Amino acid sequence: MISVLIVVGFLLHGAQALDIIEQNVEGQLQEHLLENYSYSARPVRNYSSVIDLSYSAALYQLLGFDAKSESMTTQFWQRLSWKDEFLTWNPEDWENIDKMRFWHGEIWVPDLLPYNEIGDFDPLRFKYVIPLVVTSEGQVLWNLPIVMTTSCAMDVTNFPFDSQKCVITIGSWQYQATEVDVFCGLDSFDTQFYSSHTQWELKDTSCKRHHEESATGFYSSLEFTLEFERMNDFYVLNILLPNAALVALSGIIFFLPADGGERTGYGVTIMLALCVNLMIVTDFIPETSKTIPRITGYFLASILLTAVSLALAVVSINLHFWLLRRAVAKAKKGEAAYSFDNPKSNGETDLCEGSEDTEVHGPLRAMVIFDWVLGGVYLTATTLYSIIFVISLYI
């Protein structure tokens, strides 16, 4: 009886041990693959063999541009793939396991980094979160999200109708092309999951492979090009149109009565409004001295045109009163015939109501017509200037 119990207990213990073995097949396979494995050496059996590294990326979001530092910050998902000759197995020998997962630091990974990175780049931020996937044929797949700030030569001459083309160059820092050869997995960024930006519209992306020879050897790299176009509706509605409206309003100064005393005050008010508007829009204009936005010249020209209109208005007022004084002087000397049926109490001549002489009223009417014509020409010129300026930015 005791012997039977011993046999039964042994069988139960063996069954439990078998279950543990079956549950740990994946762990045993991992230990088998990593036995005598060196993660710092290239995973090739022949030292002269080249590792073909496929690199592609899915662009997720443009985080922004910085015109002052000429940089672009993007977030995308890297997709790396290569062949590890030491990580192969027969799935039939391991319970049909056809893929395994390894952490960074357990197997070899390429030192693929951006050449034009200027920010705090951390390529291993998610190394303990996202493992590498290895198939039974030895194909390694690594999908890794990354945030990257790279240099980008920006041209803001046509702001806010400008387009920016930036390049991200990625390659190996240590391995030459005869050791690790990088090539584009796709002809461009994968934009299926791209999140649209509020100020920039993605127009085009591309990927090109380059081989460059330097003093230390022959290297391969990838050049990703991204082209963005600025969305300008906000700037047109909040910057260009208010400025154009103020410039157009400055032309009304010629339609105000010359003897009303409001011309100069109105002109100075418009000029101050343009200066305040320029101070406000300065916060929206990219801060750079490499390429000056042409819109800055437009704002300065608007202030200059308003100053010219104010100067012409002052000249017109002086000419108007000069003609009026001249007419009064002629009337006092009796050189012109006026009606003095209703003289004023102080002895002055009422030229506006009593005089019908064309010698006096003719020049004054001519001045009014001159002001109207000048105002029409000014409004036409400023309107055409604004239209031509906007068209030139588009071109």
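User: What is the handedness of the disulfide of Cys184 and Cys207?
Analyst: This is a predicted model. The torsion about the S-S bond of Cys184 and Cys207 is about -75 degrees. The disulfide is therefore left-handed.

User: Which strands hold Cys184 and Cys207?
Analyst: The two cysteines are 23 residues apart, and the pair links distant parts of the chain. Cys184 belongs to residues 180-184, and Cys207 to residues 200-214. Those strands are β8 for Cys184 and β9 for Cys207.

User: Are Cys184 and Cys207 buried or exposed?
Analyst: The cut-off for buried is under 20% relative accessible area. Both Cys184 and Cys207 are buried.

User: How many disulfides does the structure hold?
Analyst: One joins Cys184 to Cys207, with an S to S distance of 2.0 Å. Another is formed by Cys152 and Cys166, with sulfur atoms 1.8 Å apart. The count is two.

User: How many residues apart in sequence are the parts that Cys152 and Cys166 tie together?
Analyst: Cys152 sits in the loop between β6 (139-151) and β7 (163-172). Cys166 is in strand β7 itself. The pair therefore ties together parts separated in sequence by 14 residues.

User: What is the angle about the S-S bond of Cys152 and Cys166?
Analyst: Cys152 and Cys166 are each buried. Their link is left-handed. The angle is -65 degrees.

User: What is the pairing of the bonded cysteines in sequence order?
Analyst: Cys152 bonds with Cys166, and Cys184 with Cys207. Numbered along the chain, the pairing is 1-2, 3-4.

Note on methods
Residues are numbered from 1 along each chain as its sequence is written. This is a predicted model: local features need pLDDT of at least 70, side-chain atom pairs count only at pLDDT 80 or more; totals for chains, interfaces and linings use all residues. Side-chain values use heavy atoms; hydrogens and water are left out. A disulfide is a pair of cysteine sulfur atoms within 2.5 Å. Helices (H or I, at least four residues) and strands (E, at least two) are DSSP runs, numbered from the N terminus. Buried means under 20% relative accessible area, exposed over 50%, partly exposed in between (1.4 Å probe, protein chains only).
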